[in-house]
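Hello,

Here is the structure for your files. My notes on its packing follow below.

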Amino acid sequence: MCKNKNGCINNKIDIMRYLLFISFTVVMAIVAFRSPQQFVVKGKVTDAATGSPLAGVTVSVKGTKTSTITGTDGKFTITVNKENATLVFSQVGYDNIEMKAASTGQEMIINLKIDSTSLDEVVVTGYGTQRKKEITGSVSVINGKKVRSSHDDKLSRQLSGSSPGIYAGEPRREIRRKDKPDTDPWRNNNNYEREGYDGIVENRFLKATDNPLSTFSIDVDAASYSNIRRMLNAGNLPPAGAVRIEEMINYFQYDYAQPENNDPFSINTEISECPWNTKHKLVVIGLQGKKIPTENLPSANIVFLVDVSGSMMDENKLPLVKQSLKLLADQIRNEDKVAIVVYAGNAGLVLPSVSGEEKTKIKDAIDQLEAGGSTAGGAGIQLAYKVAKDNFIKNGNNRVVLCTDGDFNVGTSSDAALEQMIEEERKSGVFLTVLGYGTGNYQDAKMQKLADKGNGNHAYIDNFQEARKVLVNEFGGTLFTIAKDVKLQIEFNPHKVQAYRLVGYENRMLNKEDFNNDLKDAGELGSGHTVTALYEIIPIGVKSDFIESVDQLKYQKEMPTTVPSGTNEIMTIKFRYKKPDELKSKLIEHAVIDREISVQRTSDNFRFAAAVAQFGMLLRRSEFKQSSSYENSWKLAKSSLGDDKEGYRSEFLKMIKNAESIATKSSPSGQEINTRK
């Protein structure tokens, strides 16, 4: 019992203070060790300039390993902690931004701006004589203008027969008719004035009696579609020369039957009324390449040929190339071989051929690549083919993968000289894949010619998602050929067909005699690839302004047809192809029966291919578009999305709406630009 009253009071106060201290400490400890509260953040990332959704944007929680990427609609969902809720948004070609995560459940809207950063100094790796077999080779930091060497000057003179120096030629101008007004809004856009596109003269309607045969090479390229997407996302309509309708159609996979027996591809045909002119008919011809499992594909000998010249500095060029090649490196198997050649002012071997199991070594070499200097593309191509031939795998897949913007300006740089070089090199059995990058100086026409002459394919990589599509999802089709020199020849029944027109494939047309000539080069088909072609047909008895007549011939008489007039065949399709390692072609024939079927009753394959063709004609301002409209194209595509796992067809719907908006704004009258119907 306390005898001192004041002392007792003081003791009680001390005890209370102690208890309060202990309680506070316990509470703070509980708070400190309590699991942080988590919540879900949703949002959408768009291009600040155009408002278009951005796919493939990396969304990460700052300071953690938590991340996700946006879908084709630009949307994302990510789980974050309130105590660590700063989100970082990054995409190649755009400025990174940081934002606090919204915790109210409201969708975040993030607008990314184009990155305008430029580099003054660059790293050049592995030029000149190779001193070591290590990845690092010879590395130095120099100004981009000093990349050229005396060795390069000598090489340039040998290849071009001219004095050393850089020649920046006239930008390629698209061919256009003088009798037509220049209504192409793209021509006034300075962002693309140095891009090179060949003019395209559209296939016209031909009378079946005068031209019973139509002959062309297949085309599995899809570069035109992704290039057009890039322009539309930037708020511009593409030039007519950039719109290759066959490549737009073949960007997409179609649900064709797999081939049977030992055939490398199946043949699929369908006929219906034409969506943009119901008096006409539309025939869809589809080839489905045999899909070979990756583990069963032949061993590969691949040489990465990378343009590291000064024009490749932009974020959507060499940095995106490096990301693409590292994706591809992950697909390489242990039994495959990889080498890396680079070129700027001259060419050099950065990585000698190594086994595919040395992925770290391959990726380290890729990481060291930086840009600077002029562009000796011809020298790089020659060295890459030499490396491929030195490591040639018999009965294997031997291929050079070229990554460039195509802006060659020293040494062998003209189209004719490069084509001749590639034609000579392809005799070695080495194929060529061309991956295009960049904007502003992209040489599309040159890239097309290189891939065509090199028994290869051409893709345009405008973002990381496209790199994944081409090099991961379509790995077998991009890099492994199952049939080469694939040609088609269609014979039309004049009792059924008054006139016909092949939609697209203008750059793939062949003479009728070329079909049986095994020396004539044609297109290649890759593992799992689909190829689709469309013929618009004017039936007998239909009046049309598209059918042009000539005076009656004096010395020629109409030859009787060997096909009875009562047959239901509207056409016969002949196919020729060679196996990748053979020189003699094989022949397949397929007859198409005439049918009366409405568009609504056709397959998703038919309707979607027709929708893309219609959209392409609108972008080209085609004189054959007739009743085509953006609305009709959108409705047709909407009705045929099918099993759209990757979202590519849904993205196409947005492209149609985007193009319609741009076209309406570009027209002086506020209406879509029209041509002859």
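A nonpolar core here is a set of buried Ala, Val, Leu, Ile, Met, Phe, Trp, Tyr and Cys residues joined through side-chain atoms within 4.5 Å. Buried means under 20% relative accessible area (1.4 Å probe, protein chains only).

This is a predicted model: local features need pLDDT of at least 70, side-chain atom pairs count only at pLDDT 80 or more, and totals for chains, interfaces and linings use all residues. Residues are numbered from 1 along each chain as its sequence is written, and side-chain values use heavy atoms, without hydrogens or water.

The largest nonpolar core has 43 residues; Phe 252, Phe 615, Leu 619 and Phe 652 touch the most other members. At least two residues each come from several elements, including H3 (223-233), H12 (604-620), H13 (630-638) and H14 (648-666). Helices are DSSP runs (H or I, at least four residues), numbered from the N terminus. H12 gives the largest share, 11 residues. A second, separate core of 40 residues includes Leu 328 and Phe 475.

Now H13. Its buried residues are Tyr 630, Ser 633, Leu 636 and Ala 637. They sit on the same side of H13, because they cover an arc of only 130° around the axis (directions from the helix axis to the C-beta atoms). They pack against H12 and H14, with contact meaning heavy atoms within 4.5 Å.

The axes of H12 and H13 (lines fitted to C-alpha atoms over the stretch in contact, angles from 0 to 180 degrees between N-to-C directions) come within 8 Å and cross at roughly 160°. That makes H12 roughly antiparallel to H13 (over 145 degrees).

Best wishes

Notes. Buried < 20%, exposed > 50% of the residue type's maximum accessible area, 1.4 Å probe, protein only. Parallel < 35°, antiparallel > 145°, perpendicular 65-115°, else oblique.
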